[in-house]
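This dialogue takes a reader through the features of a structure, step by step. Please look at the sequence and the model first.

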Amino acid sequence: MSRSRYLLRKISWSLFTVLFVIVFNFFLFRVLPGDPARAGVRDPRMSAEAVEAIRVKFGLDKPVINCFQSLNPIKFGDCAVNPLETQFFIYVGNLFKGELGLSFHYNRPVTQVLVERLWNTILLIGLGQILAIVIGMFLGIVAAWRARTVIDYTALLGSLLAWSLPTFWLGIILLFFGSSNFGLPIGGKETAGAGFTGWEHWQDIGRHLLLPTLTYTIVYMGEYMLIMRSALLDVLSEDYILTAKAKGLRTFQIIKDHALKNAMLPMVTIIAINLGFTVAGAIQIESVFSWPGLGGAIYEAVVRRDFPVLQGAFLLIAFSVILANLLADLTYSYLDPRVQDV
Amino acid sequence: MSSLEFQANETLAHPIILAHPPPLMTSSPPTRTFFQTFRRNRIGLVGLVMLILSIIVAVFAPLVAPYDPKASVEITIDDLYAQPSAAHLLGTDDAGKDVLSNFIFGSRVSLIVGFFASFISIFIGGVTGIIAGFYGGRVENVLMRITDLMLVIPDLPLIIVFIALTKPSLWNIIFVIGIFGWTTTARLVRSQTLAVKSRKFVLRARALGAGNPHIIRHHIIPLVMPLIVVNTVLVISLAILNESTLSFLGLGDPTALSWGQMLNYAFSRGAMSAGAWWALVAPGFGIVWVVLALTLLGQGLEQVLNPRLETHHLNHAPQGNLSTSHQGEWTEFTGGRVLLEVENLSVNYLTPGQPPARAVENVSFRLREGEMLGLVGESGCGKSTLMLALLRLLPAAGRIVSGQILFDGRDLATISEDELARDIRWKGIAMIFQGAMNALNPVRTVGDQIAEAIKQHLDITDPAALEARVAELLELVGISSFRAGHYPHQYSGGMRQRAMIAMALACNPQVIIADEPTTALDVMIQAQILELLANLRQKLGLSIIFVTHDLGVVAEMCDTVLVMYGGVTAEYATVDTIYNEPKHPYTQELLKAFPDLTKPGARLAAIPGYPPRLNDLPPGCRFAPRCPAAFDRCHVEAPALHALNGDGHIASCHLVE
């Protein structure tokens, strides 16, 4: 199968997955118990008219899909209703326009709320991932090179330990000792009301970014180290490494010119996929450090039962995962000349 | 390999499983040897001990804990977040309760949730995987597509949403974590089932009329079980992590004080500002302890059930002191300058806890200009070890224990690695390996790899000159030069071997070691490669050491023959002598075993028995157990290498004295 057909297959599967996610996402929040309208404002004194008004405002008075008034509990409706007037199609239609609905809590478009938060998360994750990748890979290479020596065992145990740490707990401990012993900020992205500008502003953000990034890096560094080590060990026991040694190449040369490229294949795949999920994974770190990112938004939305925000965030994360998977597949197909058939 | 095979969910996949693709279990390891091997695995043992400790503490919580967390206490302000003291070893929490007791009872909740949730995941995943792998076809397609879709939905947010919108009760949490944790297990189990399904014994069982349920129960499940066990351990650790995260986020069961819940209360109720580190450290420590225990146990199990050598070609064996001993003078076979002289070379393989395997012992030979030496012997007789030793390419367990390798005025056995790599490898002596499929790097072009050899030893850096030289080399072996830009997988088997030959010639070496270059190829291609080698030898005046177990090839192409058995020289002579006047019984038997085309109806002779175990050699002659001419002395005293006729013919047999 030629490369273009391979790519076409991958892209069409991604599109199908996107469709699945849209449908799944929509029905998820309709199936689960709890009346969305009431959840938005949980005041028992609300009159019936007020509840109905909220319903209309958020489009919850329309049937979910053609024959169902609502899914929970299932109430049948008028099957002759124009399908495009149902909640589902309105939802899909809005999606194409880039509208994700209106937040119950903020009363602002969900898109606006999420995009603000998204950049903060990208800042946190971007930095953390890069550090984790660089350090993890380096340690993994050293450990594989010096397999079965003290260096290897130390690195291995260190990584297993890092893997075993709950992300939020590591954050708590670092925060506790960081703030009491080093005077680092307790949370947030910037010092409220300080009014820093320019370089000082970035310095301030940097101080707030230090501990969350450190937490993130430690947690992911362990995983990357283990994978790099394993991949490199596999590669270094292949026949072509022996050929390279017989050709008179030095150890460093062999690792650089022969081994790394092969070992990067599984690494690249996992890095790309992690990037997709780390938006979700940031939830823990952002809640510990009160970092105003996407993860925190999800957490708050859960607590407040702010369904539109939840739905929108869900969709955003799922899309980024699908995109990351696609990128991983594409990168892999370019790195590995053997990929021609799925 | 698709990237989907590496789906790494932050919370639900594990780098240890991901990094090791599922092994093909050749047989269910007998339980006894499994326990023996596991006992020696330190990582696994530590993990197991840690786990057992936590289980004991959880089970005997009422006996171990100093206070009952459910009992009400009279407290004053001072009792809140009190520092660790004699009365409260880990201090108190925000409600004045003893942290240590909460910690001990908390282990129950965390462990219960972890175990039960993971059982649900493993059950669903295992069943799905086995059904998908076993029944294949549409069923497998549908199930795997569903798995792929589920892997795309971010798990932690999904679990959070489910718990938040339903009831955060303990059973709910167990159920939800379990329901969303089956995907990785399903993938692993399916791969393993696929691998097992096509094994011969399954086909045999089918032929005997066994039905599907029987096959699944008696063949598939036992071989998939070990993998499931390893996976279970890791899924449990992930489930515990998930539960603690949920509880920390406030979605835990308020009536069940798990470790995550303790952290949630501490964090949100001012432990940080009160400086109450004990309330924050203790529960986390518990989580880390149990998860680490499971991770270590999983790593240990993985190492036992899927042992990998974890050594590789770049491990450097330390240089030992070599004892050199001369065993007398020989006379020459023919004229010609001696290029390579190996004297009394001995190589051992070391395994911890076992006597060393004496893979090569006291082997000597000489290679002259233009000479082709055939190195013959059974599998495991030490041929390849000997060849690897010449360029010091032995695996990490190999050691040259004595002898000399004289080449170009140097002793290759003792010169520095640097000197060896710079002057001798490829430049003086080059090697062609068996089965060139993996001997060439699959992600680099063939031309690139040949050019690398040239750049390494000859001072040619001009890209045009390199390209020209690479083209020249490829044409020399009969490959069109435009294929220099192709990758190894785009070459056929025979072409790859020819490319290896071209690469070996790149630096104009004097000696070429061909280690069974045609064994992996079919007969027609074999003939081509041999013809090529013969031509090149004539054209370039090469000296070749040809390792093979094909006596026909040796007869046709070689000048001298070295017959090895069990790591020692059996016989060493010119090719005429070997074929017409073999003196060692092993050589004689080998020749007898070679089928004669002129006698098509004759019975095939074979040498009964097996080669000796190199770490458990019989006293006396190594061939004695299988030798038709052996007598008493043979079983007691190892024969020396006897020179015959003064023309270089050597045989190690008592009968020859």
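Q: What percentage of the 657 residues in chain B is made up of buried residues?

A: A residue is called buried if 20 or more other C-beta atoms lie within 10 Å of its own, exposed if 12 or fewer, and partly exposed in between, with C-beta atoms placed from the backbone. In chain B, buried residues make up 48% of the 657 residues. This is a predicted model, in which local features need pLDDT of at least 70 and side-chain atom pairs count only at pLDDT 80 or more, while totals for chains, interfaces and linings use all residues. Residues are numbered from 1 along each chain as its sequence is written, and chains are lettered from A and ligands numbered from 1 in the order in which they are written.

Q: How many helices and strands does chain B have?

A: Helices (H or I, at least four residues) and strands (E, at least two) are DSSP runs, numbered from the N terminus. Chain B has 23 helices and twelve strands.

Q: What is the radius of gyration of chain B, and what would a compact globule of 657 residues have?

A: The radius of gyration is taken over C-alpha atoms, and the globule rule is 2.2 Å times the number of residues to the power 0.38. A compact globule of 657 residues would come near 26 Å, whereas chain B has 34 Å. Along the principal axes, the C-alpha atoms of chain B fill a box of roughly 105 × 65 × 55 Å.

Q: What is the order of the strands in the open sheet of chain B?

A: Two strands pair if DSSP finds at least two bridges between them. The open sheet has eight strands in the order β6-β7-β8-β3-β9-β10-β12-β11 (chain B), and the pairing is mixed. Its edge strands, each pairing on one side only, are β6 (429-432) and β11 (642-644) of chain B. Within the sheet, β6(B) and β7(B) run parallel and are joined by four bridges; B:Met431 stands opposite B:Ile513 in β7(B). The parallel pair β7(B) and β8(B) has five bridges, and B:Ala514 has B:Phe546 in β8(B) as its bridge partner. Five bridges also join β3 (residues 372-376) of chain B to β8(B), again in parallel.

Q: Are the faces of β8(B) covered or open?

A: Both faces are covered: B:Ser543, B:Ile545 and B:Val547 are buried on one side, and B:Ile544, B:Phe546 and B:Thr548 on the other.

Q: Why does B:Ile512 count as buried?

A: B:Ile512 lies in strand β7 (residues 511-515) of chain B. B:Ile512 counts as buried because it has 23 C-beta neighbours inside 10 Å. Two residues are in contact if their C-beta atoms, placed from the backbone, lie within 7 Å. Not counting residues up to four places away in sequence, B:Ile512 touches B:Ala430, B:Ile432, B:Ala504, B:Leu542 and B:Ile544. B:Ile512 and B:Ala430 are 82 residues apart in sequence, yet 4.9 Å apart in space, C-alpha to C-alpha.

Q: Which residues of helix α4 of chain A are buried?

A: An α-helix has 3.6 residues a turn, so residues three or four places apart point the same way. In helix α4 (residues 87-96) of chain A, the buried residues are A:Gln87, A:Phe88 and A:Tyr91. They lie on the same side of α4(A) because they cover an arc of only 100° around the axis, an arc taken from the directions from the helix axis to the C-beta atoms. The face turned away from this buried side carries the exposed residues A:Gly93 and A:Phe96.
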